[in-house]
Amino acid sequence: MAHAPDPTSLAPHLDAAWVDDFVVRLRLRDVPGDRIGDALAEVDAHCADSGETALEAFGDPTGYADSLDLPSEPDEAGVRRTLVGSGLQIAGLLLAPQAVGTLATGGRLPITAGAVTTLAVTLAVLAAVATWHDQLLRHVLARPWPWSIGAGLLASASVLPMLLWESPVADVDPWVGIIAAVALLAAGVVVQARALGAGDPVLLPGAERPAPRVDAVVWMMPAAAVVLSAFAWFVAR
């Protein structure tokens, strides 16, 4: 099965950093991968023939990318499916350890106001990302460290209600919680795998399009749910 190649490996005569900046800039404009590959092949062929570097021949990669008249084909549906899958998995990840911990101690699983608030805040953040993902990505790439710190603070703040606001609004059998968590995680994996599987790799002219495959990232939250649930079980026992 063919896998999507690293764009820097497609242009052996170009500086990897120049290629990365060039590809990212065109991705931000929603240019299809095969059209990016065409443009990259032209730059690589010119540099191979002339002996010039890409910076000497074409200048700044972002400026050169902006100068190209290439089509834009945004995949809004794919972005939304990916974020819906993330929302389902986050809900399962929040629920699984609590349900397993309650099963270990006996009794019923409380659904707290804090947990509902944390889930609502998380879904609101995902909805905002789905709406303004292009603008957000541009800001993140321009200033990665401040945005990384801000994202970490936001993630920490969103969990605080679940940890501090323990007023119950309902309770269910812990097995109901476990089954619901597994269903949410499984549904999230399926939705994300379908959204990410097809992809849009950068391809050189005439290159074979790789077969869709399940990206390992879709298993990160189920794996985290298993680890956290095991920890909750042993702590509760």
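User: Where is the place of Leu 141, in which helix?
Analyst: Leu 141 sits in helix α7, where helices are DSSP runs of H or I with at least four residues, numbered from the N terminus. This is a predicted model, in which local features need pLDDT of at least 70 and side-chain atom pairs count only at pLDDT 80 or more, while totals for chains, interfaces and linings use all residues. Residues are numbered from 1 along each chain as its sequence is written, and side-chain values use heavy atoms, with hydrogens and water left out.

User: Is Leu 141 buried or partly exposed?
Analyst: Leu 141 is partly exposed, with a relative accessible area of 43%; that class lies between buried, under 20%, and exposed, over 50%, with a 1.4 Å probe and protein chains only.

User: And which residues of α8 are buried?
Analyst: Those are Ser 158, Pro 161 and Met 162, and the buried residues of α8 pack against α6 and α7, with contact meaning heavy atoms within 4.5 Å.

User: What should α8 span, at 1.5 Å a residue?
Analyst: Helix α8, residues 144-164, has 21 residues and should span 30 Å, which agrees with its end C-alpha atoms being 30 Å apart; the expected span is 1.5 Å times one less than the number of residues.

User: Switching topic, what are the domains?
Analyst: The domain assignment gives domain 1 (7-68) and domain 2 (76-236), with bounds from an automatic or database assignment. Their C-alpha centres lie 35 Å apart, and 15 residues of domain 1 are in contact with 10 residues of domain 2.

Methods. Helices (H or I, at least four residues) and strands (E, at least two) are DSSP runs, numbered from the N terminus.
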